[in-house]
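Here is a friendly walk through one protein model, written for someone who likes to know the cut-offs behind each word. Have the sequence and the coordinates open as you read.

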Amino acid sequence: MIVGQSSIYLASRSPRRRELLDQIGVDHQVLTQRMTAERGLDVNEDPLPGEKPRDYVLRVCRDKVESGWTRVLQRKLPLRGVLAADTTVCLGDEILGTPADAPEAAEFLRRLSGRGHEVLTAVAFKFGERMETELSVTTVCFRTLAPAEIARYVASGEPMDKAGAYGIQGRAGAFITEIHGSYSGVMGLPLYETAQLLQRFGVTPAA
């Protein structure tokens with residue numbers, strides 16, 4: 001345990017994850033990466049052959065937190081726990097990651113239109129040799145989307161940095177008819193699971 005530690009490192013530059021940690025009163029510092037090649041070498045975010053979505057999101061999350069802890073040691077930063085998360089959208093066993101371009105974003109949205117899908121968010125925390133994970137699974141249902149709606153949403157630019165090509169907290173909120181699970185998990189950091197994970201390491205959110 002790291003009882004008494006009031007601050008953690010977040011191995012993510014996602015503003016949404018920062019906002020969610022602020023929401024539950026977790027003081028944190030972002031672990032920035034000096035070069036994109038560093039992440040490419042340390043964290044392979046391409047699905048492995050035959051890899052199931054749940055195995056995929058947990059693997060990537062664990063790799064992110066390991067990479068973050070390595071950066072803490074390499075940079076001789078004050079020793080604090082590292083939190084990482086990874087989110088993916090899946091249709092059955094097919095992973096819909098971050099779209100590479102606008103046409104792929106539109107294709108993702110066409111496939112999500114009028115049906116349900118799962119959003120998986122894995123969370124990992126590491127301090128020293130100890131690392132633990134949590135997994136949030138949420139079902140999200142979309143209403144049927146008209147081609148013009150999809151085109152306008154893609155043109156807004158909002159889908160381009162988000163798994164499955166949409167953000168529940170943005171304009172795509174108007175597409176969603178039902179959600180079963182964690183709203184914050186769909187945003188990128190399930191707050192219940194994150195708080196439980198931190199508490200097991202002696203880090204208590206202020207909320």
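Serine 136 counts as buried because its relative accessibility is 2%, where buried means under 20% relative accessible area, exposed over 50% and partly exposed in between, with a 1.4 Å probe and protein chains only. This serine sits in strand β6 (residues 130-142); helices (H or I, at least four residues) and strands (E, at least two) are DSSP runs, numbered from the N terminus. Leaving aside neighbours within four places in sequence, serine 136 is in contact with Val119, Leu120, Thr121, Ser182, Gly185, Pro190 and Glu193, contact meaning heavy atoms within 4.5 Å.

A word on the source: this is a predicted model, in which local features need pLDDT of at least 70 and side-chain atom pairs count only at pLDDT 80 or more, while totals for chains, interfaces and linings use all residues. Residues are numbered from 1 along each chain as its sequence is written, and side-chain values use heavy atoms, with hydrogens and water left out.

How many of the residues of β3 are buried? The count is 10 of 10, so the strand is mostly covered. Val82, Ala84, Asp86, Thr88 and Cys90 point one way from β3, and Leu83, Ala85, Thr87, Val89 and Leu91 point the other way.

| Partner of β3 | Sense | Bridges |
|---|---|---|
| β1 (residues 7-10) | parallel | 2 bridges |
| β5 (residues 116-127) | antiparallel | 9 bridges |
| β4 (residues 94-96) | antiparallel | 3 bridges |

β3 and β4 form a hairpin with 2 residues between them, and glycine 92 in the turn has a positive phi of about 65°.

**Nonpolar cores**

A nonpolar core here is a set of buried Ala, Val, Leu, Ile, Met, Phe, Trp, Tyr and Cys residues joined through side-chain atoms within 4.5 Å. The largest one has 40 residues, of which Leu83, Leu109, Phe125, Phe142 and Tyr166 touch the most other members. Helix α4 supplies the largest share of this core, 5 residues. A second, separate core of 19 residues includes Leu31, Val60, Ala84 and Ile95.

Leucine 83 is worth a look. Beyond its neighbours within four places in sequence, leucine 83 is in contact with a list of residues including Ile8, Leu21, Val65, Phe125, Leu189 and Leu197.

Helix α7 (residues 191-200) has Leu191, Glu193, Thr194, Ala195, Leu197 and Leu198 as its buried residues. What covers them includes β1, α1, β3, β5, β6 and α6. Glycine 202 follows α7 and has a positive phi, near 85°.

**The largest pocket**

A pocket is found on a 1 Å grid over the protein atoms alone, as an open set of points where a 1.4 Å probe fits, with protein on both sides within 12 Å along at least five of seven lines; lining residues have an atom within 4 Å of a point.

Of the 38 residues that line it, Arg17, Lys64, Asp86, Thr98 and Asp161 are the closest to its centre. The elements giving two or more residues to the lining are α1 (15-23), α3 (53-74), β3 (82-91), α4 (102-112) and α6 (183-187). The lining divides into 15 nonpolar, 12 polar and 11 charged residues; Ala, Val, Leu, Ile, Met, Phe, Trp, Tyr, Cys and Pro count as nonpolar, Asp, Glu, Lys and Arg as charged, and the others, Gly among them, as polar.

**Loop residues**

Glutamate 51 lies in the loop between α2 (36-42) and α3 and is buried, with a relative accessible area of 15%. Its C-alpha is 9.6 Å from that of isoleucine 95, although the two are 44 residues apart in sequence.

Lysine 76 has a positive phi of about 55° although it is not a glycine. Is lysine 76 buried or exposed? At 73% relative accessibility, lysine 76 counts as exposed, and its place is in the loop between α3 and β3. Alanine 165 also is not a glycine and has a positive phi, about 70°. Alanine 165 sits in the loop between α5 (147-155) and β7 (176-180), and counts as buried at 0% relative accessibility.

Terms used. Pairing = 2+ DSSP bridges.
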